[in-house]
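Please examine the sequence and the structure shown here before reading the report.

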Amino acid sequence: MDTNWCPDLTRYAGPRYRALAEAIAEAVETEALVPGDRLPTHRALADALGVTVGTVTRGYAEAERRGLVHGQVGSGTYVRPTDGNGVEDFALKPEGAGDGHVDFGLAFPVPGRRGPTLADALRGIADDPRALQACLSYQPEAGLPRHREVLADWLRGWGVELAAEETLLTLGGLHGVYLTLSALARAGETVASAGLVYPGLIAAARGLGLRHVPVELDEHGIVPEALESACRQHGVRLVYVTPDQNNPTTVCLPRSRRHALLEIAQRYGITVIEDAVHLVQRDERPPALMDLAPENVVYVTSVSKILAGGLRVGVVRAPRRLIGPLSQALRGQCWMTPPLNAEVACRWIASGAADELARWQREEIGARQALVAERLEGLDFRARPYGFNVWLTLPEPWRAAEFVHACAAAGVVVKGGEPFAVGRYPVPQAVRLAITAPPQRGDVRRGLDLIRGVLARGPAGASATL
């Protein structure tokens with residue numbers, strides 16, 4: 001909602017722009033400003049405070065750097081949803097802290113069926129002295145060769161053509177992305193991505209001091225001409241792509257776009273990070289970027305979305321010339337992926353449990369996507385048959401921040417587009433629904449019906465046009 005907020009800057013020491021940022025931080029902490037509030041325009045606040053517009057612009061920019069607010073092109077400056085520390089609220093709730101809400105917030109694997117499988121694998125390890133010894137010992141930073149071979153062979157079953165000696169094991173997919181960024185770019189260098197992207201990339205780039213440039217995204221994915229323009233203007237070092245389903249919009253890059261992006265990357269000497277953590281079968285997607293340009297693509301995936309997030313076993317495949325820098329960075333960060341985790345994952349694969357889990361989850365996702373098609377019929381949404389997420393464009397006059405709050409009040413958690421936006425990239429009035437997270441299919445149905453009800457009621461205070 002709009003506010004007439006006007007702080008007293010004389011209470012704060014230092015330059016006025018910094019005093020303004022401090023005032024915003026205090027107002028957020030005391031809830032004088034709450035998530036979704038729109039701050040006064042630069043001109044209006046400058047006039048109210050008796051300062052220049054430039055001072056307000058610098059103050060808002062400093063507050064944005066601290067994660068307190070975000071600017072939307074052509075719309076204004078809004079207070080971010082936070083956990084109280086200026087961090088986007090993607091934190092997990094404590095176990096057993098359910099509040100009766102249907103939670104479409106986080107893209108988890110479909111709950112269930114994993115406990116007994118883990119117990120069987122742990123019993124098998126306990127009865128295997130050689131496996132026990134390997135799990136208790138330091139190992140090469142890239143991971144045990146037999147673990148890398150098992151995982152590489154399993155991934156080939158998904159249509160991912162890689163050799164074990166080209167791979168390293170990581171602490172999940174996000175660590176694979178962070179590892180690649182830290183090994184191949186220095187602070188101040190530029191990484192590019194779609195303007196709406198996985199928040200983990202935003203956090204990783206920020207933490208490493210990288211300049212993160214947004215690239216225009218349309219209904220077919222990253223726009224090649226926009227990427228080329230970014231390369232010319234910003235000297236892009238790396239480009240991050242989720243070709244099979246953009247997070248949050250679910251867009252899948254068609255074959256022509258894949259070739260165009262790879263051609264631009266080669267021409268400008270850019271390394272491509274292909275994030276394929278949501279594994280997709282070969283017959284449901286165009287060729288992987290890695291298969292089209294193996295010497296220029298670092299491929300990142302994980303067992304998290306198929307087997308279990310808690311295993312924290314990821315795979316990075318890189319051109320041989322990059323294995324050395326990646327191995328060195330991995331050793332400096334964590335020495336190695338815990339071999340116990342990889343041993344569990346490999347035993348699930350060897351026993352057939354991994355494939356069974358994948359089949360079951362795919363069937364369940366298909367059933368849930370069918371519920372989406374039924375319950376949200378007539379609305380503007382995007383989804384993939386294999387996808388964890390749904391991207392729902394809101395009808396007017398809804399704004400995403402207001403809709404998120406209205407859904408929470410009604411008992412369903414959804415995510416607006418803002419946490420996925422790079423810098424000041426324009427954020428559409430849309431929300432992401434992670435339909436795999438609720439425990440039961442009935443919870444998904446109830447959550448979708450609650451969303452439909454919120455849409456039918458309309459935003460609070462909406463009135464007819466005069």
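## Basis of the report

The structure is a predicted model. Every value given here was computed from that model.

Leu181 belongs to helix H7, which covers residues 173-184. The relative accessible area of Leu181 is 0%. Because buried means under 20% relative accessible area, Leu181 counts as buried.

Setting aside residues up to four places away in sequence, Leu181 touches Val191, Leu201, Ala204, Ala205, Leu208, Leu210, Leu238 and Ile273. A further distance concerns Glu274: Leu181 and Glu274 lie 93 residues apart in sequence, while their C-alpha atoms are 12 Å apart in space.

## Helix H12

Helix H12 consists of 15 residues, 320-334. Just after H12, Trp335 adopts a positive phi of about 70°.

Buried positions in H12 are Leu322, Ile323, Leu326, Ser327, Ala329 and Leu330.

An open sheet is formed by 4 strands in the order E13-E14-E17-E16, with antiparallel pairing. Strand E13 (380-383) and strand E16 (415-416) stand at the edges; each has a single partner strand, so one side of each lacks a neighbour in the sheet.

Strand E14 (residues 389-393) and strand E17 (residues 430-434) run antiparallel and are joined by 5 bridges. In this pairing, Asn389 stands opposite Ala434 in E17.

## The packing of H6 and H13

Two packed helices are described by the angle between their axes and the distance between the axes. For helix H6 (residues 145-156) and helix H13 (residues 339-351), the axes come within 10 Å and cross at roughly 40°. The two helices are therefore oblique to each other. The crossing in which H6 passes H13 is left-handed.

Which residues of H6 and H13 meet? On the H6 side they are Arg146, His147, Val150, Leu151 and Trp154. On the H13 side they are Pro339, Ala342, Glu343, Cys346 and Ile349.

How values were computed. Residues numbered from 1 in each chain as written. Predicted model: local features only at pLDDT ≥ 70, side-chain atom pairs only at ≥ 80, totals over all residues. Heavy atoms only, no water. Buried < 20%, exposed > 50% of the residue type's maximum accessible area, 1.4 Å probe, protein only. Contact = heavy atoms within 4.5 Å. Expected span 1.5 Å × (residues − 1). Pairing = 2+ DSSP bridges. Axes fitted to C-alpha atoms, helices over the stretch in contact; angles between N-to-C directions. Parallel < 35°, antiparallel > 145°, perpendicular 65-115°, else oblique. Left-handed = near helix turned anticlockwise from the far one by under 90°.
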